[in-house]
Amino acid sequence: MKDVSVNGNRLWQSLMDMGRIGGTEKGGCCRLTLTHLDKEARDLFVRWCEEAGCTVSVDEVGNIFARRSGRNNDLPPIMTGSHLDTQPTGGKFDGVFGALAGVEVLRTLQDHNIETEAPVEMVVWTNEEGARFAPAMMGSGVFAGRLSLEEILAKVDVEGKIFGDELKRIGYAGQLPARARPIGAFFEAHIEQGPYLEHENKTIGVVTKGQGQRWYDIVITGFESHAGTTPMPLRRDALVAAARLIAQVELIARENQPHACGTVGFLQVHPNSRNTIPGKVTLSVDLRHPEDAILSKMDEELKTFCEKLNGDAWTVEVDPFWYYAPFPFDEECIKVIREGAQHHGYSHMDIFAGAGHDACYIADIAPTGMIFVPCEKGISHNEIESAKLSDLAAGCNVLLWAMLSRAGA
Ligand code: GLV
Ligand code: MN
Ligand code: MN
């Protein structure tokens, strides 16, 4: 039974069809969470799952579950899925591959009339990216009980739009309680988004752990004044402080190699006028490391620098609003993914996840594993993100293997 294979061409075609929703000129995707484009993508996913015989339900945070019955529906489902939202300069594969690999598994089960012992479920988690509403991985975080539903529904984007209102507007504020229930196992397939698989010439990444992340909102307040008349010693330029902070974030990451990452990706300058000295800057900081002790050290280094900046010229307020500890994936799930790669004769290696993934939250409440495939030059969160059909099909075959192993066929 486990000798069946997925249809790589069909998977590719589905990725291309989905990629047209929010498709950009450079061949990528801009499909921010809870926009009308997100709704269109969700509607297409739901249609595909219903056509393949699933019953679809939506929970209070907008997570979509498509269930295919098993022989014994009292057993907890074997689940797979990922996300359909993208970064503003996103690609066609980040998240979407995992969601549509689930659809391809489903279609393959239909093609071969395979009945599983346990039910299987394909899921799309809401707002994995955290680009429009922060933090990331919201749908899976609420489901796993790590984030509060009320707080998430009240989140506001840069335009002042409220998450809960936007969810209702696109028709995905569901009835199902957004909380954990028994899950037999959860598998997420994803492009690697980094360079290691390609560099090592391996087809499958067996993901052993997700690295830790800390996200901050920082507000620096100085004083607006005239660019031509305020002598340099009298200035309190908030953007100058921000520039020093940005350089420090880079330094902290460079001094904690290997693996440390530090990024300032969001900056708002007030009043953002070329001849007024900036009085206020709001910025984001994203620190990551696979070892919690080093991530804590980086956190201390950032806070110490912010305390030093905070003084006569500027006030610096730091809100460390999101912390995600490194988390190992389940030994049995790791094993079954490795077996799947070996069974199909795919080269493979162990790897850790540098990006945040919904699987990292689901690992709290269910045995969880992740399957990576290479992406071109390791580039992601960029419109030119690309992956090979043969690698995507390989990842999907390993997913099918893992799901059938756990669901029983
Ligand atoms: C999500 O893609 C993240 O890792 O930030
Ligand atoms: Mn992703
Ligand atoms: Mn992403």
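**Figure 1. Arg 71 in a loop of the predicted model.** At 43% relative accessibility, Arg 71 falls in the partly exposed class. The model shown is predicted. Arg 71 sits in the loop that runs between strand S2 (64–68) and strand S3 (78–82). Its C-alpha atom is 6.8 Å from that of Glu 115, although 44 residues separate Arg 71 and Glu 115 along the chain.

Figure 2. The donors to the manganese ion (ligand 3) are Asp 94 (OD), Glu 129 (OE), Glu 129 (OE) and His 381 (NE2), at 2.1 to 2.4 Å. Along the sequence, the donor residues follow the spacing D-x34-E-x251-H. Glu 129 belongs to the loop between strand S4 (120–124) and helix H4 (138–143), and His 381 to the loop between strand S16 (368–373) and helix H12 (389–407), so the pair ties together parts that are 252 residues apart in sequence.

**Figure 3. The two manganese ions, ligand 2 and ligand 3.** A distance of 3.6 Å separates the manganese ion (ligand 3) from the manganese ion (ligand 2). Asp 94 coordinates both ions.

Figure 4. Glu 129 has a relative accessible area of 8% and is buried. His 381, at 39% relative accessibility, is partly exposed.

**Figure 5. Surroundings of ligand 1.** The residues around ligand 1 are Glu 128, Glu 129, Arg 288, Ala 355, Gly 356 and His 381. By class, this shell consists of 1 nonpolar, 2 polar and 3 charged residues.

**Figure 6. Polar contacts of ligand 1.** An oxygen atom of ligand 1 lies 3.0 Å from an N or O atom in the side chain of Glu 129. For the side chain of Arg 288, the distance from an N or O atom to an oxygen atom of ligand 1 is 2.7 Å. A polar backbone atom of Gly 356 is 2.7 Å from an oxygen atom of ligand 1. Ligand 1 taken alone exposes 200 Å², of which the protein buries 93%.

**Figure 7. Confidence along the protein chain.** The chain has an average pLDDT of 98, and 100% of its residues score at least 70. Among the elements of the chain, the lowest mean pLDDT, 94, belongs to strand S14 (residues 327–328). The highest, 99, belongs to strand S5 (residues 185–191).

Methods
Residues are numbered from 1 along each chain as its sequence is written. Chains are lettered from A and ligands numbered from 1 in the order in which they are written. This is a predicted model: local features need pLDDT of at least 70, side-chain atom pairs count only at pLDDT 80 or more; totals for chains, interfaces and linings use all residues. Side-chain values use heavy atoms; hydrogens and water are left out. Donors are N, O and S atoms within 2.8 Å of the metal (3.2 Å for Na, K and Ca); water is not among the atoms, so sites may look incomplete. Helices (H or I, at least four residues) and strands (E, at least two) are DSSP runs, numbered from the N terminus. Buried means under 20% relative accessible area, exposed over 50%, partly exposed in between (1.4 Å probe, protein chains only). A residue is near a molecule or strand if one of its heavy atoms lies within 4 Å of it. A polar contact is a pair of N or O atoms within 3.5 Å; within protein, one must be able to donate a hydrogen and the other to accept it, and residues adjacent in sequence count only if both atoms are side-chain atoms. Accessible areas come from the Shrake-Rupley method with a 1.4 Å probe; for residues, only the protein chains shown count as cover. Ala, Val, Leu, Ile, Met, Phe, Trp, Tyr, Cys and Pro count as nonpolar, Asp, Glu, Lys and Arg as charged, and the others, Gly among them, as polar. pLDDT is the predictor's confidence in each residue, from 0 to 100.
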